[in-house]
Amino acid sequence: MTRGVQLGRVMFSVLGVGALAYGAWLTWEIGSSQWLALGKWLAGGVIAHDLMFAPIVVVLGVIGSRLLPSFARAPVAVVVVVWGTLTVVAIPFLGRFGATASNPTLLDRPYRLSWFIGTAVVAAAVVVASFLRRRREQ
Amino acid sequence: MSARLRPPREADFSSPLRDDRVTARVGLWLGIAFLVAFLTGVFSHYGQDTPGWFTYPTGPVSLYRITQGIHVLAGTAAVPLLLVKLWSVYPKLFARLPWPPSRAGLVNGLERASVAVLVSSAIFQLVTGLQNMTHWYPWGFSFRSGHYAVAWVAIGSILVHVAVKLPIIRDALALPIDAATPMPVAERDINARVADPALSRRALLRTTWAAAGLAVLATAGQSVSWLRDVSIFGVRSGDGPQGVPVNRSSVEAGVTKTALDPGWRLTLVNGSVKRQLTRAELEAMPQHTRSLPIACVEGWSAGATWTGVLMADLAALVDAPGDSELFISSLDLNGTFGTSTLPPQFTANSNTLLALKVNGETLDIEHGYPCRVIAPARPGVLQTKWVTSLEVVA
């Protein structure tokens, strides 16, 4: 290990442990009445990702690699990354969970329609890209 | 394939896309996104809860609109970066835990615990931030306190993680992304079948950047007005009464009657000196017009032209100096929105108004009729609406 890397490690560790300690103190200060709710959401996110979201992606990957023809695999993979992450970002919009009747300026766009149109567009893009790649392969 | 079902092992994951080179490059940009969100977030927190050593700046007028817009966009861009980064290291979740206990095992265990804190706090920040953007609060804790405390935990665990991985990161970034020789991965079973991946590593990276860019474009319209029509997931279209969106409605604030009461008076207090003004009396004072954005912690912002009375002129009516600190009370009785403090540099600033009009019309009740605070560069939550009193803080 070079000196630069060693110095970097010490610097990052000191800053990191300091920030962690401050974060822990701030969490303590929030007060015991909110710890349970905070803990649920802290643990909930990692559990939802590691035990639900990630395994689903892995299984889809395995299925895709076995079932999809070779020319369709790259377009599908690209679209799953782009469309999938955009859909995750869109969840609070699609559900409009925060909407209130008294404030029509909040969540005032046609999110579901946009999402359906977007999904149709990327699905069409997959078909076109696969077709083009198939022609090139032949 | 084995017919017997068992939990996966690290070596079962054979895609050459799950590679330190991908992890390090996506991780680098994820780290940058988190750092940007952290710095702009701490700035926003200090804007609302100012520590004694910090003097919040009064300009440029768009300061908070820019920093908070960047805060929310950095967090949004981090969603695909975090998901791809976690995907690239997912097999490590199934690495064998060290047993029996040893010194090396303890170090390994500590490192995995720090990664658990990192993943949990990073997901928490992105999920709660995204929910706050859309006013969705399905939890029993204060968003501001929780998001702020966990921000320090997240940035701290990212820094520790970088410290631990620094030699690997350096080597991985130095290696060409699609070089044929695979990285030596000590724990990976060399006999494992190496799958033929759908994408090259470079293509996966480009796809990830595209996903981050599209996520930004899809939401940026709430802060960048010329992107309004592009942003299919903008929280606000930018429409609203008098051309300005609303964050907290008169119904939520419970002021639909009190704000329209003809008996309303603005009370000015400076110790024993007290004055009450009607809206007509405020309108009779010298009027000033300023173009100032209103920018919320949720990331949305909108520019508008406000007309009203200078705060310093109001302070003078109760014999207070033009740079007095003012405690502002609203008809809204909710603690978070109901009061705010205007620091001396804002009272003295000629851009700080008690506004009576917006875009040339009498303020709509949704914008704070009879009058509201509008100051440059400040978080929207402090631009108190439905003002009922201004008290000079001794």
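**View 1. The loop between H3 and H4 of chain B is where B:His135 is placed.** The model shown is predicted, so local features are described only where pLDDT is at least 70 and side-chain atom pairs count only at pLDDT 80 or more, while totals for chains, interfaces and linings use all residues. Residues are numbered from 1 along each chain as its sequence is written, with chains lettered from A and ligands numbered from 1 in the order in which they are written. Helices (DSSP runs of H or I, at least four residues) and strands (runs of E, at least two) are numbered from the N terminus. B:His135 is not a glycine, yet its phi is positive, at about 60°. This residue counts as buried because it has 20 C-beta neighbours inside 10 Å (buried means 20 or more other C-beta atoms within 10 Å, exposed 12 or fewer, and partly exposed in between, with C-beta atoms placed from the backbone).

**View 2. In chain A, the loop between H3 and H4 holds A:Leu107.** The phi of A:Leu107 is near 50°, which is a positive value in a residue other than glycine. A:Leu107 is buried, because 24 other C-beta atoms lie within 10 Å.

**View 3. Helix H2 of chain A runs from residue 32 to residue 67 and has a kink centred on A:His49.** From its first C-alpha to its last, this helix of 36 residues reaches 51 Å, close to the 52 Å expected at 1.5 Å a residue (the expected span is 1.5 Å times one less than the number of residues). The kink in H2(A) is about 35°, where the bend at a residue is the angle between axes fitted to the seven residues ending there and the seven starting there. A:His49 is also one of the buried residues of H2(A), and the others are A:Leu38, A:Trp41, A:Leu42 and A:Gly45. These buried residues pack against helix H1 (3–30) of chain A, and also against H2 (63–89), H3 (103–133) and H4 (143–174) of chain B.

**View 4. Chain A and chain B meet through 56 residues of chain A and 67 residues of chain B.** Residues are in contact here if their C-beta atoms, placed from the backbone, lie within 7 Å. On the chain A side, the elements that give two or more residues are H1, H2, H3 (70–95) and H4 (111–137), and H1(A) gives the most, with 16 residues. By class, this side of chain A has 34 nonpolar, 17 polar and 5 charged residues (Ala, Val, Leu, Ile, Met, Phe, Trp, Tyr, Cys and Pro count as nonpolar, Asp, Glu, Lys and Arg as charged, and the others, Gly among them, as polar).

**View 5. Chain B is divided into domain 1 (10–227) and domain 2 (250–392).** The bounds come from an automatic or database domain assignment, and the C-alpha centres of the two domains of chain B lie 40 Å apart. Their contact takes 22 residues from domain 1 and 19 residues from domain 2. On the domain 1 side, H1, H2 and H3 of chain B each give two or more residues, and the largest share, 7 residues, comes from H2(B). The residues of this side of domain 1 divide into 8 nonpolar, 13 polar and 1 charged.

Terms used
Contact = placed C-beta atoms within 7 Å.
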